Amino acid sequence: MAVYLHLAFWLFIGVVNLLVFNWFVTTQQVFLRTMINLAFLALLFYVNANLLVNRFLERKKYLSYFLLVAALVCALVPVRVKINLLFPVVNPTGLEQASQMKGLIFGALATNIGIVLLSTIYQVLVNRYAEERHTLALISRQNEAQLQFLRAQINPHFLFNTLNNIYSLAVVRSPKTADMVLQLSDLLRYVIYDSREEKVPLEKEAAHIRKFILLFQMRSEEALDIQFKITGNLAGILVEPMILIPMVENCFKHCDFDTNPAAFAKIELTVEDNCLIFKTINTKNYADRQKDSTGGVGLENIRRRL
């Protein structure tokens with residue numbers, strides 16, 4: 001479609017030039033003169049659109065853009081005038097040579113400026129349209145990623161194991177049962193409801209991580225070496241909901257708590273100089289293979305959402 005639009009545009013410009021030059025040039029030479037002038041106008045159009053607009057105007061280098069455009073427009077004027085003078089002129093109005101020269105200069109300058117304006121408007125509109133499509137594509141991908149993210153966040157194994165643990169505690173009437181149900185309820189509430197928000201306070205995300213750790217701790221009869229350290233002020237910072245928990249889940253998933261008495265997991269959340277740093281460290285049994293066949297979903301969602 002864009003190719004046909006360009007062809008139609010240059011066909012229109014060519015017809016206009018043919019009609020104008022037909023008054024001053026013999027019929028045999030009008031086509032050649034038109035094609036030569038079209039070549040210079042096309043050069044000006046596409047150099048301005050693809051090079052100057054994209055590299056300078058769109059990057060807000062306005063002074064550089066206008067200086068380069070002015071230099072290009074002015075440089076092509078004497079070239080076009082000199083080439084047009086090579087064609088013998090049919091002069092029905094009896095114009096003097098000086099008037100003819102002024103007319104050629106004015107015509108070259110006017111058409112150069114007009115083509116620059118048209119190419120600038122065209123390229124800016126094309127860029128805005130491309131940006132809009134890119135933004136819509138990002139929104140679509142983000143919505144898809146968030147949906148996949150919510151589906152994948154609570155690892156089924158983790159959820160089922162937690163429910164089994166709650167059932168076992170309930171059978172023996174353990175005092176830990178009520179707390180475990182409450183923690184699981186809070187965690188699911190955050191996943192299902194709070195994660196619908198576009199942004200949540202970082203403090204809330206950190207609190208969710210603490211509940212996740214506490215619930216994970218309750219699954220074990222022995223105390224697990226899990227450390228969660230926060231450095232810096234979290235107040236007033238907004239983040240994507242559920243953006244950090246996949247890394248915590250992966251940390252626990254791959255840690256060798258079941259086989260290594262010295263196993264540990266360290267989670268560090270740091271805010272400094274307008275930068276958020278989130279780090280997880282865990283021991284691991286390198287003999288263990290991937291624990292399920294669909295690994296990496298959470299991390300991929302994080303990349304796409306960011």
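Begin by selecting F212, F216, F252 and F257, which ring pairs link into a cluster; here rings of Phe, Tyr and Trp (its six-membered ring) pair if their centres lie within 6.5 Å, with planes under 30 degrees apart counted as stacked, over 60 as edge-to-face and the rest as tilted. The model is predicted, so that local features need pLDDT of at least 70 and side-chain atom pairs count only at pLDDT 80 or more, while totals for chains, interfaces and linings use all residues. Residues are numbered from 1 along each chain as its sequence is written, and side-chain values use heavy atoms, with hydrogens and water left out.

The structure holds seven aromatic pairs. One of them, Y65 with F66, is edge-to-face, with 5.3 Å centre to centre and 70 degrees between the planes. Colouring by accessibility separates the two partners, for Y65 counts as buried at 3% relative accessibility, whereas F66 counts as exposed at 52%; buried means under 20% relative accessible area, exposed over 50% and partly exposed in between (1.4 Å probe, protein chains only).

Return now to F212 and F252, whose rings form a stacked pair, 6.0 Å centre to centre and with 10 degrees between the planes. F212 lies in helix α7 (residues 202-218) and F252 in helix α8 (residues 245-254), so the pair ties together parts that are 40 residues apart in sequence. Helices (H or I, at least four residues) and strands (E, at least two) are DSSP runs, numbered from the N terminus. Both F212 and F252 are buried.

The structure holds zero disulfides, a disulfide being a pair of cysteine sulfur atoms within 2.5 Å. The sulfur of C251 is 6.2 Å from the closest cysteine sulfur, that of C255, which is too far for a bond. C251 counts as buried at 2% relative accessibility, and C255 likewise counts as buried, at 5%.

Move on to K266 and F264, where the charged end of K266 sits over the ring of F264, 5.3 Å from its centre; a charge sits over a ring if NZ of Lys or CZ of Arg is within 6 Å of the ring centre and within 35 degrees of the ring normal.

For the salt bridges, select E58, R128 and E131, which are linked in a network. A salt bridge is a side-chain nitrogen of Lys or Arg within 4 Å of a carboxyl oxygen of Asp or Glu, and by this rule the count comes to two. R128 forms one of them with E58, the closest N and O atoms being 2.9 Å apart. This pair links distant parts of the chain, since R128 is in helix α4 (residues 97-153) and E58 in the loop between α2 (27-57) and α3 (62-85), 70 residues apart. The side chains of R128 and E131 also meet in a salt bridge, at 3.0 Å from N to O, and both residues lie in helix α4, three residues apart, about one turn of the helix. R128 is partly exposed, with a relative accessible area of 33%, as are E58 at 26% and E131 at 42%.

Finish with V3, Y4 and L7, which make a nonpolar surface patch of about 370 Å². Patches are made of residues with over 30% relative accessible area and no salt bridge, like charges being joined within 9 Å and nonpolar side chains (Val, Leu, Ile, Met, Phe, Trp, Tyr) within 5 Å; accessible areas come from the Shrake-Rupley method with a 1.4 Å probe, and for residues only the protein chains shown count as cover. L7 lies in helix α1 (residues 2-21) and is exposed, with a relative accessible area of 53%.
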